[in-house]
Amino acid sequence: MKISVNKNRLQKEIDDLALITEASPPVVTRVLFSDADLRGRKFVKNLCRQAGLKIREDAVGNIFARWEGLQKKLPAVATGSHIDAIPNAGKYDGVVGVLGALEAIRALQAAGFQPKRSIELIIFTSEEPTRFGIGCLGSRLLGGVLALQKAGALRDRDGKNLEFWRKRGGCRGGLEFVKLPKNRYAAFVELHIEQGPILEREKIAIGVVEKIAAPSTLRIQLTGVGGHAGATLMPGRRDALLAGAEISLAVEHAAKNSGSPDTVGTTGIFQIEPGAVNSVPCKAHLEIDLRDTNVKTRDAALKKIESAVKQICKRRKIGLVMERLNLDPPAICDAKLVATTESVAKNLKFSVKRLVSRAYHDSLFMARVCPTTMIFIPCYKGYSHRPDEFSSPAQIEKGVRVLAETLAKLSAA
Ligand code: GLV
Ligand code: MN
Ligand code: MN
């Protein structure tokens, strides 16, 4: 079977989707169920329909586009990723795994391939944590990892809950129906840019993911005492920003001194109120991202951060509400599927390396429900979550070829 990927068509679609954004191009921002996200979903669904795929959507907005196999009842082979994008993002994160998977399916169709098992492209809801503070909302629910009660309690920063956004997103049915039944999928393979520098630096075309690092998120609300910046003298001030600043340094310290180079800690959100130059900050809102490939070192660093936060707030007489938004274990990819994907890449004469994913992905939760791995392609300087994120059409084409041949192999088994 001769599979040929139409890399120009794919690049055009990636470019067109990038124009659907809440920001000014080339910046991509598509937060869950914003107008841009809804238009992006429509754009992708149209392309899937044009390829003859059958579309289904679940109660949280996960989209399933299915190429029916000869044996409809066999567990399907799944692929996919996300199209939501954090503020100030680029156009490849997630999108390569969605539009690239669609291109893989179209390449297989054009080659005359007929799948035995159905092939499903999944576009996951809210892989990014922007709206609700936790990532992988759709895949968490598919994996049955997020309790329905917890999902119902999710609120965005304006206090709007998931129910509000589900309605706005046109989702139908109850969240209890999202969880995947056992044996729905025989395998899941996600194509993604590496979001790190290894493949580019080592001039390697394809990474095959063996493990996904363990993420966690802390949300912290600090309440101090505001007042006039000129008239409130320094002794006795209870400045919420200064407590937050100390907390951010404690995060850096805990990550740097965990004993493992794999611990990374980031205070990615730090907002203050009232935000006036002549007013002592009375409130601060922080969100902290802490990860490690090793869950023990991560958890030890997390405990150190939590205890530092309590001490800082006590010393500075600052009111504290601290919440663990998520604390996920790492995912181990399926050894057989990793070997299959690797051998597909080698047969195509592409250089391959097994990798750990330091970023999280929907694969983190799909790994709970079926054998899972990921195909990584290089990206410029490892940049991601920024507008100058870039992978070349030729690099993407190789990833799509590996994905197409892997899907063909898995769906024929
Ligand atoms: C995913 O976007 C992550 O933050 O790893
Ligand atoms: Mn991302
Ligand atoms: Mn992603």
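Q: How is the packing of helix H1 (residues 7-18) and helix H2 (residues 35-50) described?
A: Two packed helices are described by the angle between their axes and the distance between the axes. In this predicted model, H1 and H2 pack at an angle of about 155°, and their axes are 10 Å apart.

Q: What does that angle make H1 relative to H2, roughly parallel or roughly antiparallel?
A: Angles over 145 degrees count as roughly antiparallel, so H1 is roughly antiparallel to H2.

Q: Is the crossing of H1 and H2 left-handed or right-handed?
A: The crossing is right-handed.

Q: Which residues in H1 and H2 meet?
A: From H1 come Glu13, Asp16 and Leu17. From H2 come Gly40, Phe43, Val44 and Leu47. By class, the contact residues are four nonpolar, two charged and one polar.

Q: Now the metal. Which residues are the protein donors of the manganese ion (ligand 3)?
A: Two histidines and an aspartate: His82 (NE2), His192 (NE2) and Asp93 (OD).

Q: How are the donor residues of the manganese ion (ligand 3) spaced in sequence?
A: The pattern is H-x10-D-x98-H. His82 sits in strand E4 (residues 76-82) and His192 in strand E7 (residues 185-193). The two are 110 residues apart, so the pair links distant parts of the chain.

Q: Are His82 and His192 buried or exposed?
A: Under 20% relative accessible area counts as buried. Both His82 and His192 are buried.

Q: Which residue coordinates both the manganese ion (ligand 3) and the manganese ion (ligand 2)?
A: Asp93 coordinates both, and the two ions are 3.7 Å apart.

How values were computed
Residues are numbered from 1 along each chain as its sequence is written. Chains are lettered from A and ligands numbered from 1 in the order in which they are written. This is a predicted model: local features need pLDDT of at least 70, side-chain atom pairs count only at pLDDT 80 or more; totals for chains, interfaces and linings use all residues. Side-chain values use heavy atoms; hydrogens and water are left out. Donors are N, O and S atoms within 2.8 Å of the metal (3.2 Å for Na, K and Ca); water is not among the atoms, so sites may look incomplete. Helices (H or I, at least four residues) and strands (E, at least two) are DSSP runs, numbered from the N terminus. Buried means under 20% relative accessible area, exposed over 50%, partly exposed in between (1.4 Å probe, protein chains only). Axes are lines fitted to C-alpha atoms, for helices over the stretch in contact, and angles run from 0 to 180 degrees between N-to-C directions. Angles under 35 degrees count as roughly parallel, over 145 as roughly antiparallel, 65 to 115 as roughly perpendicular and the rest as oblique. A crossing is left-handed if the near helix is turned anticlockwise from the far one by less than a right angle, and right-handed if clockwise. Contact means heavy atoms within 4.5 Å. Ala, Val, Leu, Ile, Met, Phe, Trp, Tyr, Cys and Pro count as nonpolar, Asp, Glu, Lys and Arg as charged, and the others, Gly among them, as polar.
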